[in-house]
Amino acid sequence: MKVLEQVEKQKQRTGESLPCLPSSSTVNTIKDNIIHHLMSFQGRDPERSGAPDVYKALAYTMRDLMVQKWISTQKTFYAKEKKRVYYLSLEFLIGRSLGSSMINLGILEDVKQAVEELGFEISEIRNQEEDAALGNGGLGRLAACFMDSIATLKIPAYGYGIRYEYGLFFQQLIDGYQVEGPDNWLRNGTPWEFERQMPIFKIQFFGNVTGYLDEKGHYRAKWVNTKDVMAKASDIMVPGYKNDHVINMRLWSAHASRELDLTDFGRGDYIKAVESKVSSETISKVLYPPDHNYAGQELRLKQQYFFVAATFQDIMRRYKKKHATFDRFSDLVAVQLNDTHPAIAIPELMRWLLDLEGMGWEEAWKICVDTFGFTNHTLMPEALERWTVDMMGRVLPRHLQIIYEINKRFLDEVVLRYPGNEKKLRDLSIIEEGPVRMVRMAHLAIIGSHSVNGVAELHSDLLKSRVFPGFHEFFPDRFNSKTNGITPRRWLLDINPGLADLISSRIGSGWITNLDLLRGLEEYTDDQDFCDQWRKIKLNNKVQLAEYIKKHCRVDVDPHSMFDIQVKRIHEYKRQLLNALHLIHHYHRIIHGDADNMAPRTAVFAGKAAPSYWRAKLIIKLITSIADVINKDPRVKNRLKVVFLPNYNVSQAEIIMPAADLSEQISTAGTEASGTGNMKFSLNGALTIGTLDGANIEIREEVGEENFFIFGMTAEEAEFERKNVSRTPWQICQANEGVRNVIESIEDGSFSNGEKGLFKPLVDSLMNKHDPYLLILDLESYIDCHKRVNDAFLDPENWTRMAILNVARMGKFSTDRTIKQYSEEIWGIPVE
C-alpha cells in the first residue's frame, strides 16, 4: 500500500509531522497531514484506509489550514473595528466543500499529487463527500455563492442559518413517480464543521407577556412562562480565493434545555421523560417541514424564530464586547434578510432594544430600520409568507404585540399621507383582515428595512409596479435592484477545468476574480485551433454526462447529439410541461417521417417537486412516461432520447452544466425573479432558449440577441392575456393540427399505457382558458424557436462562435459584482 510507504517516509522526516498545514504547503506536508489525521483523528490504520477515510483526513487537513486563516481574519475584524454584515438565510445550498476549498486555498495541484502518491485518484476522493443540501434551490445556492464572494472580496461578514439534520429529501423515481426519502447527510458526520460548545443560547417560545414600570416610570414588557430550547452553533469555514481571508457560516442546531425530565424518569415514565428533548430538537431536524397543516406551519415559524433569535444573541454578544451603548449599533452592524423567512428578526431586534435594553420606541425603531436590508426573491403570491395572527400570538406573543405597534405607527403615517383612503390602509397594513387574520411578513420586512431589493431588473420593476406598488409610492427611495450572480470559482474554474484552462491559456487567469476580463475571448471566435479545442472540451464533458446517464438511468445517449437540458425545481411556472409538449411534437415529426435535417437530440430533465405539490409530481410522471415511450420506439432510433435524472443536487449540476449545448429557461414571462441556472449554463458555453423573464433579459442584453434564442410573450403581454383572453387553448388547437395532436396523444393514453385518466388534470389545466402559466399560448412560438435552434446546431462553426461569445460576455453575472453592490450601496462598506 502506498499509504504505508508514506507512513515510513513520514517517520524519517523530522519535525514535519504537523497537526496543522503551514501556509508554505508542499506535497510531502499534505501527505503527512493526511496520515496524521487518519491515525490521530480517525484511529485508522493507514495500511487499511480506503477512499472514505482519506477523504475525511484530507478534509480535516483543509479545515486546519482554513481555521488558522479564519482566526487571523477575525482578529483583523476586531482590531480595525470594522462594520460587520450578518447574512440571514434559512437556506444555504452548500453542496460539496472539498473542491472549492482546494481551489480557493490555491493548493489543488499539490493535493492532487499528494493523493495520487498515496494511491488514490482525486476524483474518487471527492466523490466520497455528501452534498450538504441545506436548501431548496436558487435562493439557497445564491446564499452559498454570496459567501464565496464575500470571502474573496474580504468583506467582514458571517452567514447564519440552521444546521438541518436532514436536508432536502432524497428523490427516487419508482415507476416514473417521485418518491421522497430522507436525506441524512450527517449520518457519518461532516469533517467541515466545528461544533461549538460555547456560546449556547436559550430561545423562548409560547408563554405570556406581563407588564411593569421601570425605575423611570416607563412601561416595560416581560415575556414569561415560556418553553425554552437551546441553540448550539456549528461553524463551517469559507475561504476567499487565494487571499488568506476566511469567514464562517454559523449554523444553529436545537437542543433540549435539559436532556430528560427527572420527575417523569423517577416515576418510570421513560417516554415522557425524553419527550421534551425530542420535541425541542425537531426544530432543526428537517429542511422545510410540510406546512399544509397547523403543526407543520407552527414548526416552520419556530424554525424561523429559532435561528433569528440565536443569531441576535450572537450579534449582541459580539457588539457588547466593546460597546456599552447602542449609539453605534447600525454603524457597526448590517443585517441582510434573505427573503421573508428571517423577517421575524425585525420585531426581535425591537424586543431586545425595548424590553432588554430599556430604550424608547423612536430611538429603537431608527436603529432597527438603519440595520436591516431586505432581499425579495419572488413574484409568486403564495411565496410571500403569511402567518395567522392566532399562531403568531400563541408561539411568539411578545412579537405579535410589537408587530401590532409597528403596524399602528406605520398606518398613522399612511393616514397622514392619504387621508380617508381606506383601501390604501388595507393594502399596506401588515395585518391582512379577513375571516382568518394574517401577518404579512413581506410587509413587515419592507416597513422595517432601509433597503428593499429585487434580484433582477425586471423583477425589481415588477415589485414596484405589480407586487408592492403602494409601498414603492410610500418609500420611493427604498427600492433598488441587485441582479443575482454566480461564483466563477465553483461554476467554471472547478467544474469545467478543461474550459477554464483553455481560457486562461489565451487571456490569463485574472478572469477568476474579474469576470469582465472574459471579454478578451471575443478575438478568438475565428481562431480555428481555439474553436477546435473548445469543441473537444465540450464533447469530453458530454461523454462524462453520457456515462452518468447510463449509470443512473440505464439509457444510452449519443454525446454527439444536442444536449438539450432543463434542470431546476419542478414548478408549473417554470414550465417543464411546456418542454414536454415540445418533445411530444418533436417525436410526432420523427415517426411521421418529417425528420429531415433534424439534429439528433438528448433531452435531459432533473429537479425535485415539493412533496405535497401533486401537480408538479404528476408532471414528473408525464416526463418519465414520455421518456419511456420515446426511448423504446424503434422508429426513433438515436434521433431523440429523453431522460429524467433522479435526485438533482449541486454535485449533479456540476456534471450537467459543462455538458449542456442548450439551456432551457422557459418560465412564463413575469414569474421568475431572476434565475441563476441560466447564468451557470451560459458561463459554461451553453446557448439559451428562453422567455423574456428574470435575468434572461439581462443575459440577452449582454451576449447579444443574435446569440440567444428568444420566444413567447413578454411580461406585459402575458398579463394582458390573463385579463383579456384574446385566444383560448381550444382555438389554438383547432387552428394548429400539430398542437392538437400533442394534446390528444396525452388524452388518449399514448403515454400512460392506455390509462386515459392519468394525465387528465394536466390536460384540463392546459386547455383552461384561464391557465395562469399560458403554456398553449406560448407553445407555437416555442416550437418555431426550437426549429431555429436545430438549424443553428447543424452549423457547428457558427454554434461554437455563439457559445464563445456567451462565455465572453458573462462578466456581469459574477456574484463578486453583486456583492460589491450590496456592500457599497446597502451595507455602507467600501470594497477595496
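**Exercise 1.** State how helix 24 and helix 25 are oriented to each other, and characterise their contact.

*Solution.* Helix 24 and helix 25 are roughly parallel to each other, because angles under 35 degrees count as such. The model is predicted, and local features need pLDDT of at least 70, side-chain atom pairs pLDDT 80 or more, while totals for chains, interfaces and linings use all residues. Residues are numbered from 1 along each chain as its sequence is written, and side-chain values use heavy atoms, without hydrogens and water.

Step 1: helix 24 (residues 576-591) packs with helix 25 (residues 614-632) at about 20°, their axes 10 Å apart. Helices (H or I, at least four residues) and strands (E, at least two) are DSSP runs numbered from the N terminus; axes are lines fitted to C-alpha atoms, for helices over the stretch in contact, with angles from 0 to 180 degrees between N-to-C directions.

Step 2: the contact (heavy atoms within 4.5 Å) includes Leu577, Ala580 and Tyr587 of helix 24 and Ile619, Ile623 and Ile630 of helix 25.

**Exercise 2.** Determine the strand order of the six-strand open sheet and its edges.

*Solution.* Step 1: the order is 21-20-19-22-23-24, with parallel pairing; two strands pair if DSSP finds at least two bridges between them.

Step 2: strand 21 (640-645) and strand 24 (709-710) are the edges; each has a single partner strand, so one side of each lacks a neighbour in the sheet.

Step 3: helix 23 (residues 528-553) packs on this sheet and touches strand 19, strand 20 (601-606) and strand 21. Its direction makes about 70° with that of strand 21.

Key. Parallel < 35°, antiparallel > 145°, perpendicular 65-115°, else oblique.
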